[in-house]
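Have a look first, then we'll get going.

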Amino acid sequence: MAVSFSPLHFKPSFSFSSSSLPKFSCSIRPAVILPGLGNNSGDYDKLRLILQKRYGVPSVVVKVSRIDWLRNAAGLLDPNYWRGTLRPRPVLDWYLNKTDEAIQEAKELAQGEALSLIGHSAGGWLARVYMEEFGISHISMLLTLGTPHLPPPKHLPGVIDQTRGLLNYVDKYCSKPGYNPELKYVCIAGRYIQGARLFSYSDANTIPAAASIANNQPAPELTIENSTSSSTNTPTFRARFVGQGYKQVCGESEVWGDGVVPEVSAHLEGAINVSFDGVYHSPVGSDDELRPWYGSPSILDQWVHHLLN
């Protein structure tokens, strides 16, 4: 069962002076941060800095630029893409190789101890592919932030598998929590906005996920109002818009999620599943006070203990 928390309603203050830093053992596992689709390494600089200076967790971010993601277009040449049976390799070898480089760097910091992987969004299931392909002997934890772990339902009207089979592959071939008791899984979801049907009378008609959602940008704050009466129960345009994105991921639009990934898709059976209210999907478009994301200080403070145990 998932545990749900509300973010603390105060302005976090961090003064990274040596006298105010918490004292942690030098045996704390280093972490490797795997960026999500469309993100670059710089998006996680603040998260890396806070992990290091406030909590004593040395971290390495997989070196990814936004333009690197264009390499995925190579999948268009694979017949499996059009059949919806695409596999991670070779189309995502570039990401897996960059992940291995970051892990080798982190292993030097670990000095023979184990590592933690922190996968944001697609970085979470790519971490699972990495562990399946490269091994887990040096990894003791996978912590995912807003990762769509589950493939979308098949043969549901209006739902298109945007991963073209990749998540089906991960679900079928990548090991799940519990197969190795020495590898801990923590899956964190956000409850930032509840989606709504596109039309109140039917949810069968869908529109493609907008570019703003695909690029982790917040959807516009617009409201559709009845010309003759106003109702507080009328879904906003944003809720309808976001709901269509949720439906492409989990098959349902009227569910809670972080604005991009529905809560139900971000949890895995057998993992430690946690949900936080008011948490947005991405560092891009987030605000630590009004629109915190998973790595915002007040939210990080509530899940970082998993890295310290």
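Q: Does W69 count as buried, partly exposed or exposed, and at what relative accessibility?
A: Some ground rules first: this is a predicted model, where local features need pLDDT of at least 70, side-chain atom pairs count only at pLDDT 80 or more, and totals for chains, interfaces and linings use all residues. Residues are numbered from 1 along each chain as its sequence is written, and side-chain values use heavy atoms, with hydrogens and water left out. Buried means under 20% relative accessible area, exposed over 50%, and partly exposed in between, using a 1.4 Å probe and protein chains only. W69 therefore counts as buried, at 9%.

Q: Which kind of aromatic pair do W69 and Y95 form?
A: Rings of Phe, Tyr and Trp (its six-membered ring) pair if their centres lie within 6.5 Å; planes under 30 degrees apart count as stacked, over 60 as edge-to-face and the rest as tilted. For W69 and Y95 the centres are 5.5 Å apart and the planes are at 40°. That makes the pair tilted.

Q: How many residues apart are W69 and Y95, and where do they lie?
A: Helices (H or I, at least four residues) and strands (E, at least two) are DSSP runs, numbered from the N terminus. W69 is in the loop between β3 (59-61) and α2 (79-83), while Y95 is in helix α3. The pair links distant parts of the chain, 26 residues apart.

Q: Which residues does Y95 contact, leaving aside its neighbours within four places in sequence?
A: Contact means heavy atoms within 4.5 Å. Y95 is buried, with a relative accessible area of 0%. Its contacts are L34, P35, V64, W69, G123 and L126.

Q: At what angle do the axes of helix α3 and helix α4 cross?
A: Axes are lines fitted to C-alpha atoms, for helices over the stretch in contact, and angles run from 0 to 180 degrees between N-to-C directions. Angles under 35 degrees count as roughly parallel, over 145 as roughly antiparallel, 65 to 115 as roughly perpendicular and the rest as oblique. So α3 and α4 are roughly perpendicular. The axes of α3 (residues 93-110) and α4 (residues 122-134) come within 10 Å and cross at roughly 80°.

Q: What kind of pair do the rings of Y130 and F134 form?
A: These two are four residues apart in helix α4, so about one helical turn separates them. Y130 counts as buried at 1% relative accessibility, whereas F134 is partly exposed at 29%. With ring centres 4.5 Å apart and planes at 10°, the pair is stacked.

Q: Which charged residue lies over the face of Y81?
A: A charge sits over a ring if NZ of Lys or CZ of Arg is within 6 Å of the ring centre and within 35 degrees of the ring normal. At Y280, the charged end of R291 sits over the ring, 5.6 Å from its centre. Over Y81, at 5.4 Å from the ring centre, lies R164.

Q: Which peptide bond is cis, with omega near 15°?
A: Most residues other than glycine have a negative phi, and most peptide bonds are trans. The proline here, P90, lies in the loop between α2 and α3. The cis bond runs from R89 to P90.

Q: What is the phi of S121, roughly?
A: S121 is in the loop between β4 and α4 and counts as buried at 9% relative accessibility. Q111, by contrast, is exposed at 70%, and its phi is near 50°. For S121, which is not a glycine either, phi is positive, at about 55°.
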